[in-house]
Amino acid sequence: MVGIIDEAQLFYPLGTRIKIGNNYGTVKYVGEVCGHSGTWLGIEWDDGMRGKHNGTVDGKRYFQTQLPTAGSFIRPGKLGPCATLEDEARERYLNYDSSNVDASLIREAQASFQASLFEVVGMDKIARKQSKFEQLSEVSVDETPVNAAGYLKDLTNLTTLNVSHTLIWNWEIVASITEQLPMLNNLNLSNNRLVVPTEAQIGKLEPAFRQLKHINLSNCGYTDWKDVMQTALLWPDIESLGLQENSISQLTVVDCNRIFRKLRELDLNCTNLMDFDQVCKLGNIRTLRLLNLMENGIEQLQLPECDPQSKLNMFVSLEQLNLLHNPIWNEAEAFNELDKLPQLKRVNKTPHLKSNFDEMFSKAVASIAGLQFVNKAKVTAAERRGAEYDIWKKYALEWLQATKLGADALREFYKKHRTYLLIVNKYGSPADFVPRTQDKQSNLIKIRILNQRTGEIWEKMLPRMITVQTLEGLVMKRFHLTGDTPRLCYVDAKHSDLVVHLENNAKTLDFYSVQEQDTVLFQ
C-alpha cells in the first residue's frame with residue numbers, strides 16, 4: 001500500500017489541478033481514508049457546491065476547503081490523461097479547415113482588456129495562418145488538459161498565448177513555457193489555480209518572464225493581496241495585469257521598488273473592493289494609467305484632503321478610471337473628489353437611478369477640470385461651457401454667502417466645489433444671479449427669439465417648464481420653417497459671450513437656466 005500511495009503522491013503532488021467532466025479541482029490530500037480501502041485523492045472543487053464536505057469525514061480532518069461543500073474524495077483512476085501545450089497546440093492548429101477556425105482566439109480578441117492585443121482579420125485568413133505552426137503569433141488552448149510545456153521551440157513568432165481553464169498549477173510549469181517563447185508578451189492564465197511561489201522559486205524563475213508585458217489572472221482564486229504581491233515578484237516590470245473576479249477586499253501599499261515598476265493598466269473588476277480607502281492604497285503606483293473598478297459595490301469615493309486649488313501626489317499618471325455598475329449614491333461629491341487626481345481624463349460610470357446620462361455628464365464635466373471623455377462621449381468645448389455655466393449659476397448664492405463670511409467659509413466652499421474658482425476666473429462673478437434666486441420667480445419668462453439668417457426677432461412670454469422640443473415646434477410655426485427641426489441655443493442677457501446649446505430637447509428651459517430677456521438663436 002505504501003508503494004501505491006508513494007506513486008499517487010508522485011503523480012498528484014498537493015496543488016495539482018484535475019478535471020472531471022466540466023468540473024475543475026485542486027488536489028489537497030493523497031492517501032488512505034479510514035473505512036475505505038486503497039488510495040484516495042482529496043479534492044477541493046472550484047465550484048463550492050460540487051463536493052460533499054469540507055475535508056472532514058467521520059470526524060477526521062484530511063484537508064480544509066474554503067467552502068463547506070467544496071470537498072470530496074475520488075480514486076486516481078477516475079482522472080483522464082493530461083497533455084503538453086505542444087501536443088494540444090499541434091492538434092488544434094496543424095489541420096487547416098476554414099470552418100474550424102479557433103473561435104477562442106476571436107473571443108480573446110473581442111474581450112481584450114484595453115487596447116486590442118489581437119489583429120482580428122478574416123476567418124479564412126486566420127485559419128490558414130493557424131495551419132502553419134511556426135508562423136503562429138497567437139495560440140489558444142483554453143479548456144484543455146494541458147499541465148506541461150512540451151517542446152515549443154518551433155513557435156518562434158508566438159506573441160499571445162491563452163492557457164486559461166487548463167490544468168497548469170504552478171509557476172514552474174508556466175516558466176517552462178515562457179522560457180521557450182522569446183517573443184511572448186501577452187499571457188492569459190485566467191481560471192487556473194496557481195500555487196504561490198516561494199522566494200527561492202522567484203529567484204530561479206524570474207528571468208523566464210522578463211519578456212512579458214500583459215498577464216491575465218482573472219478568476220484564479222486569489223483572496224489575499226499578499227499572495228498577489230508575492231507572485232508579482234516573478235514579473236516586476238509587467239505593464240498590464242488582470243485580476244478581475246478574484247475576491248480581494250483588502251489591499252496593502254505596494255513596494256514599487258520591487259513590483260509594478262512599469263504597471264500601466266490594472267483590472268480589478270468584480271473583486272469585492274467596496275471600500276475606496278482600499279483603492280487609495282494603490283496610489284503610489286506612479287506609472288498606472290488605467291484602473292478598472294467595475295462592479296465592486298463602491299458607494300462612496302473619498303480621497304485624502306488637499307488644498308482646493310492643488311492636486312494630490314497620488315495616482316499621478318492615472319488617465320482613465322472605470323467605475324461602471326457601482327452604486328455611487330452622490331455623483332456630485334464623487335466627481336468633486338476625482339478632480340483631486342492630477343491627470344484624470346476619462347471616467348466611465350453608470351448614472352445613478354435617480355439621474356440620467358445627460359445630467360451625470362454635465363456634473364462630471366463641470367466638476368473635473370481636465371475631463372475629456374465620459375464613458376465613450378467626448379467632451380466638446382460647447383458642452384464644457386454649458387456645464388460650467390450651469391454650475392456657475394447654481395451655486396452663485398452659496399458662493400456669495402461664503403465670500404461674506406470670510407476666508408475660512410470660502411475655503412470650505414471651494415473644498416465642496418473644487419472647480420468653482422476656475423469658473424469664476426473664467427466667467428466673472430456670479431453675483432448677478434443672486435437676486436434672481438432670492439426673489440420669488442414668476443412661472444413665465446420673457447425671451448427674445450432671433451432668426452440668425454433673416455435677423456427677425458420674436459419676443460414671447462413662455463413658461464419656465466416648457467420643453468426645448470415644444471419651443472422648437474413654436475419656432476417652426478412662428479417663422480414658417482419646413483424641413484429639419486432647428487437647433488437652438490441661447491445667449492445670456494448679461495453675459496453675451498456665453499452661448500449655451502439646448503441639445504436635449506426633452507429638457508426644460510429652467511433646466512438650462514434660461515432667464516428673463518435671454519436670447520434664443522436659430523438658423
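Ground rules first. The model is predicted, so local features need pLDDT of at least 70, side-chain atom pairs count only at pLDDT 80 or more, and totals for chains, interfaces and linings use all residues. Residues are numbered from 1 along each chain as its sequence is written, and side-chain values use heavy atoms, with hydrogens and water left out.

Helices and strands here are DSSP runs numbered from the N terminus: H or I of at least four residues for helices, E of at least two for strands.

Let's start with the sheet. It is open, has 5 strands and mixed pairing, and its order is β21-β20-β24-β22-β23. Pairing means that DSSP finds at least two bridges between two strands. At the edges sit β21 (457-463) and β23 (499-501), each pairing on one side only. Neighbouring strands are turned by 30 degrees against each other on average, direction ignored.

Now look at β20, residues 444-451. To β21 it runs antiparallel, joined by 7 bridges. To β24 it runs parallel, joined by 4 bridges. What stands opposite Ile-449 in β24? Val-520 does. In β21, the bridge partner of Ile-449 is Trp-458. Further along, Ile-445 stands opposite Leu-462 in β21.

Ile-445, Ile-447, Ile-449 and Asn-451 make up the covered face. Leu-444, Lys-446, Arg-448 and Leu-450 make up the uncovered one.

Next, helices on strands. α11 lies across β22 (489-491) and β23, and runs at about 105 degrees to β23. Angles are taken between N-to-C directions, from 0 to 180 degrees, with axes fitted to C-alpha atoms, for helices over the stretch in contact. Helix α16, residues 468-478, packs on the sheet and touches β20, β21 and β24 (519-522). Its direction makes about 145 degrees with that of β21. Touching, or contact, means heavy atoms within 4.5 Å.

On to α11 and its helix neighbour. The axes of α10 (residues 357-367) and α11 (residues 381-394) come within 8 Å and cross at roughly 85 degrees. That makes α10 roughly perpendicular to α11, a class that spans 65 to 115 degrees. Among the residues that meet are Phe-361 and Val-365 in α10, and Ala-387 and Ile-391 in α11. By class, this contact has 5 nonpolar, 2 polar and 4 charged residues.

Now the cores. A nonpolar core is a set of buried Ala, Val, Leu, Ile, Met, Phe, Trp, Tyr and Cys residues joined through side-chain atoms within 4.5 Å. Buried means under 20% relative accessible area, exposed over 50%, partly exposed in between, with a 1.4 Å probe and protein chains only. The largest core has 123 residues. Which residues have the most contacts inside it? They are Trp-171, Leu-217, Trp-235 and Phe-260. Beyond four places in sequence, Phe-260 touches residues including Trp-225, Trp-235, Leu-241 and Ile-285. Apart from this core lies another, of 10 residues, among them Tyr-12, Ile-18, Val-30 and Leu-41.

Asn-272 is not a glycine, yet has a positive phi of about 65 degrees. It lies in the loop between β14 (265-267) and α8 (276-279). Is Asn-272 buried, exposed or partly exposed? It counts as partly exposed, because its relative accessibility is 40%. Gln-517, also not a glycine, has a positive phi of about 70 degrees. Gln-517 lies in the loop between β23 and β24. At 35% relative accessibility, Gln-517 counts as partly exposed.

Note on methods:
Parallel < 35°, antiparallel > 145°, perpendicular 65-115°, else oblique. Nonpolar A, V, L, I, M, F, W, Y, C, P; charged D, E, K, R; others polar.
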